Amino acid sequence: DEEMYLPQMEVITESQPKFTKLPERYNKNSSPAEKTFNNIDTINLIENLFSETTPKQHLLGELQCSFIIYLCALSVDSLSHWRQILSLLCNSERAVEKHKSFYKQFVSIIKYQIPEIPMEFIEQSTSNTIYIDVKSLLRNLMLNNCPDLAISLQKHLDDTIAWTFDDILDEDPDDLPQIVETESVINVEIS
């Protein structure tokens, strides 16, 4: 009954932003090993995206454009696209090592974007994917000899939105191997 009072909104394809199609972390043709690797480090996805986006700085322009469209037009699709780019770029230790100058530009952009996101999206918690992605980025920067860049981003986010990142270089307990105790097996002969 309530839906009849809501406006009937339709997407006009001619006025929609034409964002780059981002690679999916998991596609149906991926092997289990590929799925695991892409979950641990997104370098293959980033390299595929960079090969399609020339120059790769266009991706940074798209990151900025999608963020501006979200802020000005409150476009959920633009926020989703921004989040996908953020997640893809934050979760690769190897990409930080290989594309350091690109990541310097990336950090200088997100450093000012994140504090502009509404508070309900940037609450510091382990369930906040933006916070988790930024923490992963900070770790990857520290591991790839970019401590100044990591400290600059960390300090800016602490000053503007009070995000703190303790023990960045410590392994996430969820990612550590688990020891499973098995009960001793008793062999019984049946005659």
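This is a predicted model: local features need pLDDT of at least 70, side-chain atom pairs count only at pLDDT 80 or more; totals for chains, interfaces and linings use all residues.

Visitor: Understood. Which side chains are joined by a polar contact of 3.1 Å?
Guide: Those of Arg 83 and Asp 133. Arg 83 lies in helix α4.

Visitor: Is Arg 83 buried or exposed?
Guide: Arg 83 counts as buried, because its relative accessibility is 16% and the limit for buried is under 20%.

Visitor: What else does Arg 83 contact, leaving aside its neighbours within four places in sequence?
Guide: Besides Asp 133, Arg 83 is in contact with Thr 129 and Ile 130.

Visitor: Let us step back. How many helices and strands does the protein have?
Guide: There are eight helices and zero strands. Of the 191 residues, 36% count as buried. Among contacts between residues at least 6 apart in sequence, 70% join residues at least 24 apart.

Visitor: How many residues are in the largest nonpolar core?
Guide: That core has 44 residues. Trp 82, Tyr 103, Phe 106, Ile 114, Val 134, Leu 137 and Trp 163 have the most contacts inside it. Two or more residues each come from α2, α3, α4, α5, α6, α7 and α8, and the largest share, seven residues, is from α4.

Visitor: Now the helix packing. At what angle do α6 and α8 pack?
Guide: The angle is about 5 degrees, and their axes are 10 Å apart. The two helices are therefore roughly parallel to each other, since angles under 35 degrees count as such.

Visitor: Which residues of α6 and α8 meet?
Guide: From α6, Tyr 103, Lys 104, Val 107, Ile 110, Lys 111 and Tyr 112 meet Leu 149, Ser 152, Leu 153, His 156 and Leu 157 of α8. By class, this contact has seven nonpolar, two polar and two charged residues.

Visitor: One last point: where is Glu 116?
Guide: Glu 116 sits in the loop between α6 and α7. Beyond its neighbours within four places in sequence, Glu 116 contacts Phe 67 and Leu 71. Its C-alpha atom is separated by 9.6 Å from that of Thr 160, 44 residues apart along the chain.

Definitions and conventions
Residues are numbered from 1 along each chain as its sequence is written. Side-chain values use heavy atoms; hydrogens and water are left out. A nonpolar core is a set of buried Ala, Val, Leu, Ile, Met, Phe, Trp, Tyr and Cys residues joined through side-chain atoms within 4.5 Å. Buried means under 20% relative accessible area, exposed over 50%, partly exposed in between (1.4 Å probe, protein chains only). Helices (H or I, at least four residues) and strands (E, at least two) are DSSP runs, numbered from the N terminus. A polar contact is a pair of N or O atoms within 3.5 Å; within protein, one must be able to donate a hydrogen and the other to accept it, and residues adjacent in sequence count only if both atoms are side-chain atoms. Contact means heavy atoms within 4.5 Å. Axes are lines fitted to C-alpha atoms, for helices over the stretch in contact, and angles run from 0 to 180 degrees between N-to-C directions. Angles under 35 degrees count as roughly parallel, over 145 as roughly antiparallel, 65 to 115 as roughly perpendicular and the rest as oblique. Ala, Val, Leu, Ile, Met, Phe, Trp, Tyr, Cys and Pro count as nonpolar, Asp, Glu, Lys and Arg as charged, and the others, Gly among them, as polar.
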